Amino acid sequence: MAARAGSASYGDPDAAGPALLQIVDAENPPLRVLFGSQPTQIVKHLYAQR
């Protein structure tokens with residue numbers, strides 16, 4: 001897995017916990033949550049294929 005990640009940047013891991021708790025506690029939480037820019041780029045490509 002590390003080889004596939006290459007030089008990917010994962011942002012601030014310390015910020016993920018509080019952000020996730022804020023999402024879970026939201027009145028209308030989203031169905032999907034993406035952290036970082038890499039998953040967002042992947043999902044955009046996958047949705048474009050649909």
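Biologist: Is Ser37 buried, exposed or partly exposed, and what is its relative accessible area?

Modeller: This is a predicted model, and the class of a residue is read from its relative accessible area, where buried means under 20% and exposed means over 50%. Ser37 has a relative accessible area of 47%, so it counts as partly exposed. Its place is in helix H3, which covers residues 37-49, and the C-alpha atom of Ser37 is separated by 8.6 Å from that of Gly11, 26 residues apart from it along the chain.

Biologist: Why does H2 lie largely in the open, and what span should its 12 residues have?

Modeller: Of the 12 residues of H2, the number buried is zero, and therefore the helix lies largely in the open. At 1.5 Å a residue, H2 should span 16 Å, and this agrees with its end C-alpha atoms, which are 17 Å apart.

Biologist: Where is Val24 found, and which residues make the nonpolar surface patch?

Modeller: Val24 is found in helix H2, residues 13-24, and counts as exposed because its relative accessibility is 55%. Together with Leu20, Val33 and Phe35, Val24 makes a nonpolar surface patch of about 330 Å².

Biologist: What is the count of aromatic pairs, and which charged end sits over the ring of Tyr47?

Modeller: A pair of aromatic rings is described by the distance of the centres and the angle of the planes. Here, with centres required to lie within 6.5 Å, the count comes to zero aromatic pairs. The charged end of Arg50, however, sits over the ring of Tyr47, at 4.7 Å from the centre of that ring.

Terms used:
Residues numbered from 1 in each chain as written. Predicted model: local features only at pLDDT ≥ 70, side-chain atom pairs only at ≥ 80, totals over all residues. Heavy atoms only, no water. Patch = residues over 30% accessible without salt bridge, like charges linked within 9 Å, V, L, I, M, F, W, Y side chains within 5 Å. Areas by Shrake-Rupley, 256 points an atom, 1.4 Å probe, with all protein chains shown as cover. Salt bridge = Lys/Arg side-chain N within 4 Å of Asp/Glu carboxyl O. Helix = DSSP H or I, 4+ residues; strand = E, 2+ residues; numbered from the N terminus. Buried < 20%, exposed > 50% of the residue type's maximum accessible area, 1.4 Å probe, protein only. Expected span 1.5 Å × (residues − 1). Phe/Tyr/Trp six-rings, centres within 6.5 Å; stacked < 30°, edge-to-face > 60°. Lys NZ or Arg CZ within 6 Å of the ring centre and 35° of its normal.
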